[in-house]
Amino acid sequence: MMTSTLKISSLTKTFAGVPALDAVSLTVQPGQRAALLGHNGAGKSTLMKIVLGLIPFDSGTVDVCGAAPGSAAARAQVAYLPENAAFHPALTGQEQIAHYLSLRGESPKQALRLLERVGLHEAARRRIGTYSKGMRQRVGLAQALIGKPRLLVLDEPTSGLDPVSRRDFYALLDGLAAEGAAILLSSHALTEVEARTDRILILSRGRMVATGTLGDLRRTADLPVTMHVTPVNGYASEIERALPGAIRVGADLRLTCGQDEKLAVLGRITGLGAKVADIEVTPPSLEDIYSHFSQRDGQ
Amino acid sequence: MIGRILATAGTEFRIALRNRWVAIAVVLMALFSLVLSAAGSAPTGGLGVDRLSVTVASLTSLAVYLVPLVALLMSFDAVAGEVERGTLPLLLTYPVARVEILLGKLLAHLAVLTIAVAVGYGLAAAAALWVDPDSASGLPSLLRLGWTSILLGATFLGAGYALSSLARRPSGAAGLAMGLWLGAVVLYDLGLLAAVVADNGGWFTTDLFPFALLANPADAFRLFNLAASEATAAAAGVAGAANSIPLWQSAASVLLWPLLALVLATAAFRKVTP
């Protein structure tokens with residue numbers, strides 16, 4: 001039997017009468033990487049803080065590893081990486097991680113090895129006050145790897161990381177997920193999480209507006225496909241007449257069509273034979289899909 | 001639980017070392033103790049008591065001001081600083097109870113205070129023994145002053161954590177801490193003195209005044225040390241007027257205040273939402 005590591009149903013939270021989360025439901029299974037997307041103020045951090053037991057909620061149910069959020073049993077199995085990971089500047093990276101290891105009942109001797117895993121072993125004996133933002137983020141990641149957390153809650157973990165570090169970070173997550181950890185991470189942009197997550201959850205103004213795989217979201221959004229046709233010299237006008245709705249862009253032609261018309265339109269273009277020099281088909285971008293969902297409500 | 005408290009205490013002590021709190025506290029206590037033992041050397045002959053007992057009486061008056069001050073300076077940042085640095089939310093997601101965090105900080109700060117008190121009082125004792133070999137008879141009262149100073153420190157550390165939790169901003173917490181110091185250590189006694197003078201031996205002086213002294217941890221500390229010391233004769237003012245209070249009552253106040261302060265601090269810390 002597969003039990004969810006995180007199960008939230010009809011979660012509602014208001015701050016001074018303003019709804020921050022409105023009947024939000026979601027589940028994250030063991031080994032699943034779920035990405036929580038939304039604008040600033042969409043409710044991502046609020047949702048995470050409730051899961052961690054840092055703030056109370058108004059109604060609904062939240063089940064974290066079979067326990068109440070914030071209970072000792074839940075905290076023992078959940079790791080958290082805050083959005084801007086901060087630590088005491090007077091401690092070294094090694095001392096800080098050793099401290100967190102002790103709090104989780106692990107041997108503080110593992111600190112160096114953990115810092116090595118996030119590529120920070122050379123700076124381990126320097127004070128955190130001298131670290132860059134990206135290095136502090138790595139210390140934050142190292143502490144989230146302590147023990148064997150069943151649920152990782154990562155608040156914008158890749159902000160401040162360069163592209164190479166970001167790839168290393170997702171490789172680490174893949175390893176954790178393969179060992180059965182459930183991962184809930186948040187991000188501003190769909191482009192950042194694209195292929196590295198199993199499930200995408202889009203929050204907009206406290207409401208869950210879309211859930212599913214990237215393929216699911218693509219189908220549900222049903223955004224038009226753009227085609228870019230390059231005619232052989234002198235045939236532009238003829239092609240424009242053959243393709244209703246096409247717009248001239250310089251010497252080329254651009255047209256958009258729905259997902260279901262895509263093959264028909266392609267057939268018509270190939271029917272033009274040697275008059276067409278090249279064709280490029282662009283599916284809706286990740287940004288387009290994300291804005292489609294996150295701006296649907298009254299924006 | 002013990003492991004988490006000790007880990008927190010170890011980290012906090014390291015931070016106190018690097019932030020120079022250990023050095024500041026030790027230098028403060030050493031300096032004031034030495035100045036007092038030098039200044040207190042004059043009246044010894046007339047009182048017929050050993051040199052160290054006289055030093056203890058002066059040290060008691062010093063500790064009443066200095067120990068709460070050092071304790072509040074170390075503690076006002078404890079919770080508010082974590083809030084400001086943004087380290088508190090992460091810490092609270094760890095399987096560590098809030099009371100364990102406070103106990104760890106308390107242990108570390110008490111260690112700093114103990115070192116400072118030991119160095120300061122030790123220097124004063126050494127100076128007294130060097131001048132007057134009979135001073136050894138004053139050692140028990142010095143020891144008593146030592147452990148009660150640490151308990152007094154614990155009370156004000158707890159009060160500092162409580163204020164730090166209530167203020168949630170280091171600047172606000174610092175203001176509250178200085179207000180508490182001024183109120184509990186300076187103005188409280190002045191107020192009582194004014195009331196006693198105005199009352200002119202009436203109900204306030206006989207019935208309420210002793211309780212008012214016991215209710216203030218700093219006054220209870222002074223009462224206990226002066227009443228138990230051989231050098232009561234050297235004491236004057238408020239303490240002299242309250243000789244009627246039994247020793248066990250001031251001892252109970254000295255012992256109970258640290259616990260009460262810790263309970264208050266824990267209650268205030270529990271109310272902090274990161």
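Reader: Is A:Ala123 buried, exposed or partly exposed, and why?
Author: A:Ala123 counts as partly exposed because it has 19 C-beta neighbours inside 10 Å. A residue is buried if 20 or more other C-beta atoms lie within 10 Å of its own, exposed if 12 or fewer, and partly exposed in between, with C-beta atoms placed from the backbone. This is a predicted model, in which local features need pLDDT of at least 70 and side-chain atom pairs count only at pLDDT 80 or more, while totals for chains, interfaces and linings use all residues. Residues are numbered from 1 along each chain as its sequence is written, and chains are lettered from A and ligands numbered from 1 in the order in which they are written.

Reader: Where is A:Ala123 found, and what does A:Ala123 touch?
Author: A:Ala123 lies in the loop of chain A between helix H4 (111–117) and helix H5 (133–144), where helices (H or I, at least four residues) and strands (E, at least two) are DSSP runs numbered from the N terminus. Leaving out residues up to four places away in sequence, A:Ala123 is in contact with A:Gly93, A:Tyr131 and A:Met135, contact being C-beta atoms, placed from the backbone, within 7 Å.

Reader: OK, new topic: which residues touch the most other members of the largest nonpolar core?
Author: Those are A:Val153 and A:Leu201, in a core of 153 residues. A nonpolar core is a set of buried Ala, Val, Leu, Ile, Met, Phe, Trp, Tyr and Cys residues joined through C-beta atoms within 7 Å.

Reader: And which helix gives the most to this core?
Author: That is helix H7 (residues 98–131) of chain B, which gives 15 residues to the core. Apart from this core lies another one of five residues, including A:Met227 and A:Leu253.

Reader: What about phi, which is near 50° in A:Ser10; where is A:Ser10 found?
Author: A:Ser10 is found in strand E1 (residues 6–15) of chain A, and its phi is positive although the residue is other than glycine. A:Ser10 counts as exposed because it has 12 C-beta neighbours inside 10 Å.
Author: A:Asp222, also not a glycine, has a positive phi of about 50°, and its place is the loop between helix H8 (214–221) and strand E10 (225–231) of chain A.

Reader: Last one: what domains does the assignment give for chain A?
Author: The assignment gives domain 1 (6–219) and domain 2 (224–283), with bounds that come from an automatic or database domain assignment. Taken over C-alpha atoms, the centres of these two domains of chain A are separated by 45 Å.

Technical notes. Contact = placed C-beta atoms within 7 Å.
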